[in-house]
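Open the structure in your viewer and keep the selection panel at hand.

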Amino acid sequence: MALLEVKDLHTSFFTDAGEVKAVNGVSFNLDRGRVLGIVGESGSGKSVTAYSIMQILASTGKIVSGSVKIDGQELVGAGERVMRTVRGNRISIIFQDPMTSLNPTYTIGHQLMEAILLHTDRDKKQAYDRAVEMLRLVNINEPEKRMKQYPHEFSGGMRQRIVIAMALACEPDILIADEPTTALDVTIQAQILELMGSLQKELGMAIIMITHDLGVVAQMCDEVIVMYAGSICEQGTADEIFYNPSHEYTKGLMRSIPTVNTMGEKLKPIAGTPIDLLNMPAGCPFAPRCEAAMKICLRQRPAKMIINDDHHASCWMNVKEEKALGLVEKENKEGEESNG
Amino acid sequence: MADEMKTPLIEVRNLKEYFDINMGLFKTKPLKAVDDVSFFINKGETLGLVGESGCGKTTVGRTLLHLYKPTGGEILYNGKPIVTKADIREFRKKATMVFQDPYSSLNPRMTVSDIIGEPLDVHKMYKTKEERRDMILELMGQVGLNSEHASRYAHEFSGGQRQRIGIARALAMKPDFIVCDEPVSALDVSIQAQVINMFDELQEKMGLTYLFIAHDLLVVRHISDRIAVMYLGKMVELADAEEIYNHPLHPYSKALISAVPIPDPNIARANQRIPLGGDIPSPLNAPSGCPFRTRCPYATEACAAEMPEFREVSKGHYVACHNLEKIN
């Protein structure tokens, strides 16, 4: 049994302008000790997926349907009391801006100990020792002295390390990192990624790494999910996604990044702009921007197609079975007729 | 070479920009945001300027356009120093800026046509209203905006389109030189590529010269002919884009380039990153001598005593480091 099983998750925000389907049928499994990357552009639903797992959505947001199981225990509909034992203990989350999680009016030590006292049955003395131990683990020098300091006395990189210490203090099985290094400089980013990688190996937890930076994914992740407009368009091992991308969106993303090979050449961007989630098309959400779009892409949403055991993509370009091929041809033909 | 005889379009000599920071009643302390920086940019060239937050790269761009009054040093345009108010006004017709944040750099109460038309109004570039409208529509066409967008407000556009509006505004005076301050870092990858290509095309078509400031080294490398690296107000290395990527000489450039996550799993897993401990010191308490010495694995006593000279070690490759021979 997988550690975390997310099945057909639908999350919507009910706004004045209408229902925004931010997450639209997301399913994946995460095993112990694995690092899963979720990539996508702003508005693709990668953060909302994480917030749905933690059930920390804004008040207008609601999980409409689907299931989230940790070690087989259903979390959707389990209620706030159960979620309190899950958050921090089983799943922790860190955000892009560490000040989201830090209170400027309390010392670092107070905030670290608060988490430990709340989630474990350690007494104050033990909690203090544990907090110091955690600061040492994330390479904060002179942790005893640092315990008495306030968040503003730390640099951005150190704050992010403190937040990581706080997230890991209760030994969660899963750490969700929502763009943990986006606000940091390159050399500090390298420090934090290095730290997360070594802690992951040492503590054996699973990580869900949410990012828009394919470089970070390549460095950190075993498996990758690519999201577009609230749905998973491609999912597989990192090697499969990078070396054998099979969804037109993933291919477009890869072509958009400047690399050694694009020196002196034009980049090949994806045309158009991301889709308006209030007006989702009937077919594939990426079809309006897709160069290879066929008639069927505009009419019918592609199902999950298996590329191989480690890899699947929701794109009509990957249809191999004869029966399905027939359907694609038929739809394409009908589309032409109705358009002609 | 014939190129060497040419006067560079932009030349900066020993530029200094100090900000006075209040340290309490009547006490101020200079924050040396840019300290003794010299470089030149040839016509039609793109100079990339990289460095981490607080290194002074944005201040270089802004001081260059006299948005801040330089504390010291000279800025030359076509070989002529820019000194008087009249010089500055003339220079600003030929040198403009594209800002990082397409959300805060466009006035929410102005329509797109007024935003793009503002420089034309300021410099009185038209005689009739029709002429103004035609100029604005032409600018919008150049950056791929439709004419029906003209009467809309900035909030109706996505980030990428807003950045196009900002670029059209920068192009309004038909400039020679544009300071691009992190123009794509707020954009999604697929949109970022569209805007980068547009910068490329505009340069080809109009012979523009760019100072391209960014922290994303993959983007800078793609767009730049030469790249300068800054650390804590000082320029530490300057060379051709390929040269600096393949043979960085300064220990900071080496660490910076090795820290970039490469979007290729095999390379990323094999990449030997050079770890840099600690954080950038505050520019208010910059270390003596070489500013990088507190994080540099090769620092010696000489580094604390004296700022190394920014010297040319091979053709067009400048480095400021005392221990080059030992390191490389």
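Start by selecting E171(A), which is partly exposed because 13 other C-beta atoms lie within 10 Å. Look for E171(A) in the loop between α6 (156-168) and β7 (174-178) of chain A. Check its backbone: phi is positive, about 50 degrees, although E171(A) is not a glycine.

Before going further, colour by confidence. This is a predicted model. The scores are ipTM 0.84 and pTM 0.88. Chain A has a mean pLDDT of 90, with 95% of its residues at 70 or more. Chain B averages 91, and 98% of its residues score at least 70. Within chain A, select helix α12 (residues 322-339): among the elements of that chain, this helix has the lowest mean pLDDT, 65. Then select strand β3 (residues 35-39) of chain A, where the mean is the highest, at 97.

**Second stop: N14(B)**

Switch to chain B and select N14(B), in strand β1 (residues 10-22). Is N14(B) buried or exposed? N14(B) counts as exposed, because 12 C-beta neighbours lie inside 10 Å and the cut-off for exposed is 12 or fewer. N14(B) is not a glycine, yet has a positive phi of about 50 degrees.

Go back to chain A and pick K7(A), in strand β1 (residues 4-15). K7(A) is partly exposed, with 15 other C-beta atoms within 10 Å. Leave out residues up to four places away in sequence, and K7(A) touches S27(A), G66(A) and S67(A). Now draw a distance to K201(A), 194 residues away along the chain. The C-alpha atoms of K7(A) and K201(A) are separated by 27 Å.

Select V50(B), in strand β3 (residues 46-50) of chain B. Why does V50(B) count as buried? V50(B) is buried because 26 other C-beta atoms lie within 10 Å, and the cut-off is 20 or more. Show its contacts, leaving aside neighbours within four places in sequence: A214(B), H215(B), L217(B), V220(B), I227(B) and V229(B). Draw the C-alpha to C-alpha distance from V50(B) to V220(B). These two are 170 residues apart in sequence and 7.7 Å apart in space.

Select helix α6 (residues 159-171) and helix α7 (residues 189-206) of chain B. At what angle do they pack? The angle is about 20 degrees, and the axes are 9 Å apart. That angle makes α6(B) roughly parallel to α7(B). The crossing is right-handed. Show side chains for the contact. From α6(B), take G159(B), G160(B), Q163(B) and I167(B). From α7(B), take I191(B), Q194(B), V195(B) and M198(B). Colour these by class: four residues are nonpolar, four are polar and none is charged.

**Sixth stop: the contact between the chains**

Keep α7(B) on screen and bring in chain A. The contact takes 33 residues from chain B and 33 residues from chain A. Which elements give two or more residues to the side of chain B that touches chain A? They are α7, α8 (217-223), α10 (251-259) and α11 (265-270) of chain B. The largest share of that side comes from α7(B), with nine residues. By class, the side of chain B that touches chain A divides into 17 nonpolar, nine polar and seven charged residues.

Select helix α7 (residues 186-203) of chain A together with α10(B). Their axes come within 8 Å and cross at roughly 55 degrees. α7(A) and α10(B) are therefore oblique to each other. Here the crossing is left-handed. On the α7(A) side, show V186(A), T187(A), Q189(A) and A190(A). On the α10(B) side, show A255(B), L256(B) and A259(B). This contact has five nonpolar, two polar and no charged residues.

**Last stop: α10 of chain A**

Finish with helix α10 (residues 248-256) of chain A. Select its buried residues: E248(A), Y249(A), T250(A), G252(A), L253(A) and S256(A). What do they pack against? In chain A, the partners are α8 (214-220), β9 (223-228), β10 (231-237) and α9 (238-243). From chain B, α7 joins them.

Technical notes:
Residues numbered from 1 in each chain as written. Chains lettered and ligands numbered in written order. Predicted model: local features only at pLDDT ≥ 70, side-chain atom pairs only at ≥ 80, totals over all residues. Axes fitted to C-alpha atoms, helices over the stretch in contact; angles between N-to-C directions. Helix = DSSP H or I, 4+ residues; strand = E, 2+ residues; numbered from the N terminus. Parallel < 35°, antiparallel > 145°, perpendicular 65-115°, else oblique. Left-handed = near helix turned anticlockwise from the far one by under 90°. Contact = placed C-beta atoms within 7 Å. Nonpolar A, V, L, I, M, F, W, Y, C, P; charged D, E, K, R; others polar. pLDDT = per-residue confidence, 0-100.
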